[in-house]
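Q: I've got this model open and would like a close look at one part of it. Could you pick out the charged side-chain pairings and walk me through their surroundings?

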Amino acid sequence: MLKRTVLFVVALIALAQNSWAQDKVEANVSADIVSKYIWRGQQLGDAAVQPTLGVSYKGFSLEAWGNCGLVNSGEEEIDLTLSYSIGNFNIGITDYYVAGDGKYFEYASHKTAHTFEANVGYDFGVCSLQWFTNFAGCDGVNKDGDRAYSSYVEVSAPFNLGGMEWNATVGAVPFATDYYDCANGFAVTNVSLQATKDIKITDSFSLPVFAAISANPSTQQAYFAVGLTLEP
């Protein structure tokens, strides 16, 4: 697992040698307050605060994202993502950790609560395509009981309508895995539509408010969530 991670990071560095997107370090901090924690067509929690802290430099970015349950204090998650983008192309790795599933610094196979995922994507302008695959850690299994290398592919298309920013998304699981509760192989697991509107508070401060409706055709579930974003 460690060897594959090191090789992936080396590949990211190699990609950066010919093109630099920034000349200085940039940092960002924000927090979403959401009525439900919805992820790829699954409800993973109730109302929560979801903070983000990140730094970026010359195409590279390192971001920490969290979920802190407001209803259930046990719903806590910490995700770390290292990514690189050049033009419309992006690549990255994410370490997902859900508190309560195991010790944070336990990385042993079959014991760790961490899930390691690689992703690659391209923004075509009118839409973007992303592919995600778990390559190590706490992954699901397929119908034969073997590691599934659970994957998820997603197409999203942003557009403006009625003075709001919209984003339509369709996501699917290509192979059988119990990680996404898809035992029989290919399944569409996420069909969603989100709208965002900046609410002007003062001349210099606006509050982004968003609402999203989503459905999971595979599990026959549907969700409706609202939220707002706090940022400097």
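Predicted model: local features only at pLDDT ≥ 70, side-chain atom pairs only at ≥ 80, totals over all residues.

**Salt bridges and their surroundings**

A: Let's start with Asp-139, which counts as buried at 15% relative accessibility (buried is under 20% relative accessible area, exposed over 50%, partly exposed in between, with a 1.4 Å probe and protein chains only). Numbering runs from 1 along each chain as its sequence is written, and side-chain values use heavy atoms, leaving out hydrogens and water.

Asp-139 has a salt-bridge partner in Arg-147, with 3.8 Å between the closest N and O atoms (the criterion is a Lys or Arg side-chain nitrogen within 4 Å of an Asp or Glu carboxyl oxygen). Arg-147 itself is partly exposed, at 31%. There are three salt bridges in the structure.

Now for Glu-117 and Arg-40, bridged with their closest N and O atoms 2.9 Å apart. This pair ties together distant parts of the chain: Glu-117 belongs to strand β8 (residues 114–123), Arg-40 to the loop between β2 (37–39) and β3 (42–45), and 77 residues separate them. Strands here are DSSP E runs of at least two residues, numbered from the N terminus. Glu-117 is buried at 2%, and Arg-40 is buried too, at 10%.

Who else is around that pair? Phe-132 is in contact (heavy atoms within 4.5 Å) with both Arg-40 and Glu-117, and its other contacts beyond four places in sequence include Ala-118, Asn-119 and Tyr-152. Phe-132 also sits in the largest nonpolar core, a nine-residue group whose members include Tyr-37, Trp-39, Tyr-96 and Tyr-152; such a core is a set of buried Ala, Val, Leu, Ile, Met, Phe, Trp, Tyr and Cys residues joined through side-chain atoms within 4.5 Å. Apart from that core lies another, of five residues, among them Ile-93, Phe-116, Ala-118 and Phe-135.

Zooming out, β8 is one of 12 strands that close into an antiparallel barrel, where it comes between β7 and β9 in the order; strands pair when DSSP finds at least two bridges between them.

Technical notes
Helix = DSSP H or I, 4+ residues; strand = E, 2+ residues; numbered from the N terminus.
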